[in-house]
Amino acid sequence: MNSPSTQPTAASAPSPTASTATIVLAGATGALGLLIAHHLRQRGATVRALVRPGASAKAEAASLRLQGVELVEVDYANLAQLTQACTGADCVVSALSGLREVIVDAQTRLLEAAVAAGVPRIIPSDFSADFTQLPEGSNRNFDLRREFQRRLDQAPIRATSILNGMFTELLKGQAPVILTGPRRVVYWGDADQPLDFTTMVNTAEYTAAAALDPTTPRYLCVAGEVASIRGLQAEAEAATGHKFKLLRVGGLGVLGTLIKATKALMPANDEIFPPWQGMQYLHNMLSGQAKLRTLDNARYPEIRWTQVREVLATKS
Ligand SMILES: NC(=O)c1ccc[n+]([C@@H]2O[C@H](COP(=O)([O-])OP(=O)(O)OC[C@H]3O[C@@H](n4cnc5c(N)ncnc54)[C@H](OP(=O)(O)O)[C@@H]3O)[C@@H](O)[C@H]2O)c1
């Protein structure tokens with residue numbers, strides 16, 4: 001299987017010019033999709049957003065239209081319709097989010113449609129830490145991505161995955177690492193393990209640039225900031241002006257046991273991000289197994305990378 005560490009990265013990318021490319025964007029009504037659409041439009045691209053039947057009436061659809069995005073209603077079970085929607089595109093970008101029926105099934109039909117329509121490039125909805133080398137079963141959502149990746153790597157189309165670590169915004173609440181109430185930074189394992197963070201906006205900006213860059217390699221890895229747990233402690237202190245203490249709950253084995261117990265007590269298997277999956281994500285990062293190896297931040301030099309401290313300092 002291809003992995004970011006074994007793939008050469010192109011030395012330089014074309015300089016940004018107003019694009020005349022057409023990009024088909026799946027998942028454009030989602031949090032990341034809306035931002036990608038915005039940055040594609042800023043770069044002058046023609047954007048065709050695929051939306052599910054009925055979604056055209058949503059506020060997100062109205063926002064996309066205001067930005068000059070064309071909306072096409074598609075049924076992801078209908079290959080002919082999807083193929084028609086992909087026709088003439090320079091790149092298909094997926095920002096879909098979901099479990100097997102989305103990440104494997106809907107993306108497979110999107111892939112088949114892109115190939116049938118003769119689209120030269122596709123960017124799947126990966127947008128994560130490096131899942132490519134993780135052991136099967138260590139993260140349910142990453143297992144699904146690798147399953148789709150195996151299909152993608154067999155298809156006659158050039159693919160580029162954007163790997164960006166954890167969205168920095170998650171440190172403001174969803175990822176229970178920096179606790180602003182008791183002023184603690186909670187962790188398992190090694191406080192000096194480097195961890196990758198990128199904001200959703202930076203990820204979207206980079207994805208838009210990559211979608212318009214016909215020379216992208218199989219993987220592009222970015223991190224707005226690489227920080228250890230000790231680094232996050234310093235960032236939290238700088239952002240709030242208060243002292244934060246480290247709280248080591250135990251080793252990674254303890255976190256593994258906690259994941260099993262949480263999964264047994266609160267399975268929530270239909271949720272995309274149940275608490276135990278968030279803990280699996282943390283385990284992958286804290287173990288270093290999902291660490292991005294070489295970073296391609298400099299590929300699009302116009303992007304200014306937002307730091308963890310800036311995100312922590314903003315009011316939520
Ligand atoms: N690295 C990180 O820390 C991190 C954190 C969060 C997310 N992500 C990743 O970022 C990507 C985008 O996530 P997001 O938070 O932007 O997701 P989101 O806001 O939930 O949006 C998901 C999009 O997928 C569409 N969708 C959902 N189910 C679908 C289905 N069955 N068929 C067709 N379309 C469907 C939704 O359409 P509707 O609007 O019609 O529902 C929406 O456009 C995902 O790969 C996600 O895993 C990464």
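## Starting point: the record

UniProt positions are given here in the numbering used for this model, feature names are shortened, and annotations may be inferred rather than shown by experiment. With that in mind, the unreviewed UniProt entry puts a "domain: NmrA-like" feature at residues 20–250. Over that stretch the chain is 35% helix and 23% strand, with the end C-alpha atoms 53 Å apart. Helices (H or I, at least four residues) and strands (E, at least two) are DSSP runs, numbered from the N terminus.

The unreviewed entry also lists a "transmembrane region" at residues 20–40. In the model, residues 20–40 are 48% helix and 24% strand, and their end C-alpha atoms sit 11 Å apart.

A word on the model: it is predicted, so local features need pLDDT of at least 70 and side-chain atom pairs count only at pLDDT 80 or more, while totals for chains, interfaces and linings use all residues. Residues are numbered from 1 along each chain as its sequence is written.

## Two domains

The domain assignment, which is automatic or from a database, gives domain 1 (21–165 + 197–225 + 290–302) and domain 2 (168–193 + 226–286). Their C-alpha centres lie 27 Å apart.

Where the two meet, 17 residues of domain 1 are in contact with 10 residues of domain 2; contact here means C-beta atoms, placed from the backbone, within 7 Å. On the domain 1 side, α5 (140–152) and β11 (195–198) each supply at least two of the touching residues. That side splits into 7 nonpolar, 8 polar and 2 charged residues. For the sorting, Ala, Val, Leu, Ile, Met, Phe, Trp, Tyr, Cys and Pro count as nonpolar, Asp, Glu, Lys and Arg as charged, and the others, Gly among them, as polar.

## The nonpolar core

The largest nonpolar core has 89 residues, and Ile23, Leu25, Ile36, Ala37 and Val92 touch the most other members. Helix α6 (residues 200–211) gives this core its largest share, 7 residues. Domain 1 and domain 2 both contribute residues, so the core lies between them. A nonpolar core is a set of buried Ala, Val, Leu, Ile, Met, Phe, Trp, Tyr and Cys residues joined through C-beta atoms within 7 Å.

Take alanine 37: leaving aside neighbours within four places in sequence, alanine 37 is in contact with Leu25, Ala28, Val47, Ala49, Leu64, Gln67 and Val69.

Isoleucine 123 is in strand β5 (residues 121–123). Alanine 95 is 28 residues from isoleucine 123 in sequence and 8.7 Å away, C-alpha to C-alpha.

Phenylalanine 197 lies in strand β11 and is buried too, with 28 other C-beta atoms within 10 Å. Not counting residues up to four places away, phenylalanine 197 touches Gly165, Met166, Thr168, Ala223, Gly224, Glu225, Ala227 and Val308.

## Around the ligand

Which residues are closest to the ligand? Of the 23 that surround it, Gly27, Thr29, Gly30, Leu32 and Ser97 are the closest; a residue is near when its C-beta atom, placed from the backbone, lies within 6 Å. α1 (31–42), α4 (100–116) and β8 (166–167) each supply at least two residues of this shell. The shell divides into 12 nonpolar, 9 polar and 2 charged residues.

Terms used: A residue is buried if 20 or more other C-beta atoms lie within 10 Å of its own, exposed if 12 or fewer, and partly exposed in between; C-beta atoms are placed from the backbone.
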